[in-house]
Amino acid sequence: MQRASLAHSIQVQYLAVDGPQTAANAAAYFNSLALRQCQVVIAVGEAPGGALVDGKDRFPGLRYVVVGETAPLDGVTVVPETTADRVTSAVENTVGEMATSGGN
């Protein structure tokens, strides 16, 4: 995210899910980002990904990215989880494309 921030002059914010790694617990973190009107929300891991999938329809104006193995989802860009370098590059490129395509 820091590389995407520097490369595309965008502000990024990282929130780690504290406590049990469940979609229900991660929902508060997802909602926090969505209510702050972040243009792009990226979820990495099963719990954050589940929270994003469960909550994305409540915030239709945002753009979503899930890192990991997941089925294609309407309105969600999926970045396959391979090597750390590939994920980093894919997320940076995806966020950059979203940033230059007009935000929302």
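**Exercise 1. Find what E92 touches, leaving out residues up to four places away in sequence.**

Solution. Start with the location: E92 is found in helix α4, residues 84–100. Helices here are DSSP runs of H or I with at least four residues, strands are runs of E with at least two, and both are numbered from the N terminus. Next, list the contacts, meaning heavy atoms within 4.5 Å: E92 touches R3, A4, A7 and H8. Then check burial (buried is under 20% relative accessible area, exposed over 50%, partly exposed in between, with a 1.4 Å probe and protein chains only). At 16% relative accessibility, E92 counts as buried.

A word on the model before moving on: it is predicted, so local features need pLDDT of at least 70 and side-chain atom pairs count only at pLDDT 80 or more, while totals for chains, interfaces and linings use all residues. Residues are numbered from 1 along each chain as its sequence is written, and side-chain values use heavy atoms, with hydrogens and water left out.

**Exercise 2. Work out where confidence is lowest and where it is highest in the chain.**

Solution. pLDDT is the predictor's confidence in each residue, from 0 to 100. Take the chain as a whole: its mean pLDDT is 85, and 96% of the residues reach 70 or more. Now go by element: helix α1 (residues 2–8) has the lowest confidence, with a mean of 76, and α2 the highest, at 94.

**Exercise 3. Trace how β1 and β2 are paired and linked.**

Solution. Count bridges first (two strands pair if DSSP finds at least two bridges between them). β1 and β2 run parallel and are joined by five. Among the partners, V41 bridges to Y64 in β2, and I42 stands opposite V65. Follow the chain from β1 through α3 to β2 and you get a right-handed β-α-β crossover; that means the path from the first strand over the helix to the second runs clockwise, with the strands pointing away from the viewer.

Then look at the side chains of β1. β2 is largely enclosed by the rest of the structure, because four of its five residues are buried.

**Exercise 4. Say which elements supply the largest nonpolar core.**

Solution. A nonpolar core is a set of buried Ala, Val, Leu, Ile, Met, Phe, Trp, Tyr and Cys residues joined through side-chain atoms within 4.5 Å. The largest one has 16 residues, and F30, V41, L52, F59, L62 and Y64 have the most contacts inside it. At least two residues each come from α2 (23–35), β1 (40–44), α3 (46–55) and β2 (63–67). Of these, α2 gives the most, with four. There's also a second, separate core of eight residues, including V65, V67, V79 and M98.

**Exercise 5. Locate the one salt bridge that a search of the whole structure finds.**

Solution. Look for a side-chain nitrogen of Lys or Arg within 4 Å of a carboxyl oxygen of Asp or Glu. The pair is K56 and D57, with the closest N and O atoms 3.3 Å apart. Compare the accessibilities: K56 counts as buried at 13%, while D57 counts as exposed at 61%.
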